Amino acid sequence: MRRQPHENVATVLVDPAVLRELELALMGRDMWVWPVETAPTYTDGPRMAFQIRRRMLLARRGAWDDAAEWTPVFVSFGDSWREGDEPLPWAAHQALWDTLGEFAAHTRYRLGLGGVPRLSVPHETAG
């Protein structure tokens, strides 16, 4: 049995004050920020965002309580990081962690990627 197609993502809690700035920094590296609340993969995004935030906070037993009101997002990788069906190269992981490190005071995450149903990145078309 084959696994359903999925998207490799980092799940990150982001201080809303820097969300736009982080998104722009990641876009420049062909990475995409998807607020869980509005991600197209969930029918009840707000509930999923609440559950993910709660799970992440509880896992850190108070260490991340400053992030209790932050926005949970998925960070996915654009086409420039993909090599067909091959796993993401380590350079992609490193670029992500380096960028998140630049925002360390305003992000909370654990190293490693998870999988979510495919996210659809809009592409520009020549008109």
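**Fold and core of the predicted chain**

Reading from the N terminus, the elements run β-α-β-α-β-α-β-β, which comes to three helices and five strands (DSSP runs, H or I of at least four residues for helices and E of at least two for strands, numbered from the N terminus). With a radius of gyration of 15 Å, close to the 14 Å from the globule rule for 127 residues, the chain is as compact as a globular protein of that length (C-alpha atoms; the rule is 2.2 Å times the number of residues to the power 0.38). This is a predicted model, where local features need pLDDT of at least 70, side-chain atom pairs count only at pLDDT 80 or more, and totals for chains, interfaces and linings use all residues. Residues are numbered from 1 along each chain as its sequence is written, and side-chain values use heavy atoms, with hydrogens and water left out.

As for the interior, 40% of the 127 residues count as buried (under 20% relative accessible area, 1.4 Å probe, protein chains only). The largest nonpolar core holds 21 residues, with Met31, Val75 and Leu96 having the most contacts inside it (such a core is a set of buried Ala, Val, Leu, Ile, Met, Phe, Trp, Tyr and Cys joined through side-chain atoms within 4.5 Å). Two or more residues each come from β1 (6–14), α1 (19–27), β2 (31–35), β3 (71–77) and α3 (90–102); α3 gives the most, with five. Leaving aside residues up to four places away in sequence, Val75 touches Asn8, Val9, Ala10, Val12, Leu26, Met31, Trp32, Val33 and Leu96 (heavy atoms within 4.5 Å). A second, separate core of 14 residues includes Leu13, Val36, Trp64 and Ala67.

Definitions and conventions:
Buried < 20%, exposed > 50% of the residue type's maximum accessible area, 1.4 Å probe, protein only.
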